Amino acid sequence: MNAALDTTLSALADPTRRAILARLARGEATVNQLTAPLPISQPAVSRHLKVLEGAGLITRRVDGAHRPCRLAPGALDELDGYLAMLRKGLERSYQRLDAL
């Protein structure tokens, strides 16, 4: 695995970050909108957003005083490729078992 994939998997390991990504899958949101349903503070959400942004999973844009977040296009392509490779390996194993 390369460093980018390690960073992505590390960012996805946290349930709060996965919850944030699930919310962003529904559309763009500000930090305050992301904080509302979570049992943590706005600064804590901001720290999670920095990790997600550093992993290339989200992007932010400046809109006046707001910095809405959104999912980054193609952010999971490398992870998809890695999982596809694992699926092929599992499929070959199942095919060998079926042959027995």
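This is a predicted model: local features need pLDDT of at least 70, side-chain atom pairs count only at pLDDT 80 or more; totals for chains, interfaces and linings use all residues.
The protein chain contains 5 helices and 2 strands. Along the sequence, these elements follow the pattern α-α-α-α-β-β-α. The radius of gyration of the protein chain is 17 Å, well over the 13 Å that the globule rule gives for 100 residues, so the chain is more spread out than a compact globule. Its C-alpha trace spans about 65 × 25 × 25 Å along the principal axes. Of the 100 residues in the protein chain, 31% are buried. The chain exposes about 6600 Å², and 56% of that area is supplied by carbon and sulfur atoms. When contacts between residues at least 6 apart in sequence are considered, 47% of them join residues at least 24 apart.

Helix H1 covers residues 3-12, and its residues Leu5, Thr8, Ala11 and Leu12 are buried. Viewed down the axis of H1, the buried residues fall within an arc of 125 degrees, and they therefore line one face of the helix. The cover over these buried residues includes helix H2 (15-24), helix H4 (42-54) and helix H5 (77-99).

In soluble globular proteins, nonpolar side chains tend to be buried together. In this model, the largest nonpolar core has 18 residues, of which Ile20, Leu34, Leu49 and Leu52 touch the most other members. Helices H1, H2, H3 and H4 each contribute at least two residues to this core. Leu49 illustrates how such a residue is surrounded: with neighbours within four places in sequence left aside, Leu49 is in contact with Ile20, Val31, Leu34, Ile58, Arg60 and Cys69. Two of these partners, Ile20 and Leu34, are themselves named among the core residues that touch the most other members.

Is Thr30 buried or exposed? Its relative accessible area is 18%, and because residues under 20% count as buried, Thr30 is classed as buried. Beyond the neighbours within four places in sequence, Thr30 is in contact with His66 and Pro68.

Methods
Residues are numbered from 1 along each chain as its sequence is written. Side-chain values use heavy atoms; hydrogens and water are left out. Buried means under 20% relative accessible area, exposed over 50%, partly exposed in between (1.4 Å probe, protein chains only). Helices (H or I, at least four residues) and strands (E, at least two) are DSSP runs, numbered from the N terminus. The arc is that of the directions from the helix axis to the C-beta atoms. Contact means heavy atoms within 4.5 Å. The radius of gyration is taken over C-alpha atoms; the globule rule is 2.2 Å times the number of residues to the power 0.38. Accessible areas come from the Shrake-Rupley method with a 1.4 Å probe; for residues, only the protein chains shown count as cover. A nonpolar core is a set of buried Ala, Val, Leu, Ile, Met, Phe, Trp, Tyr and Cys residues joined through side-chain atoms within 4.5 Å.
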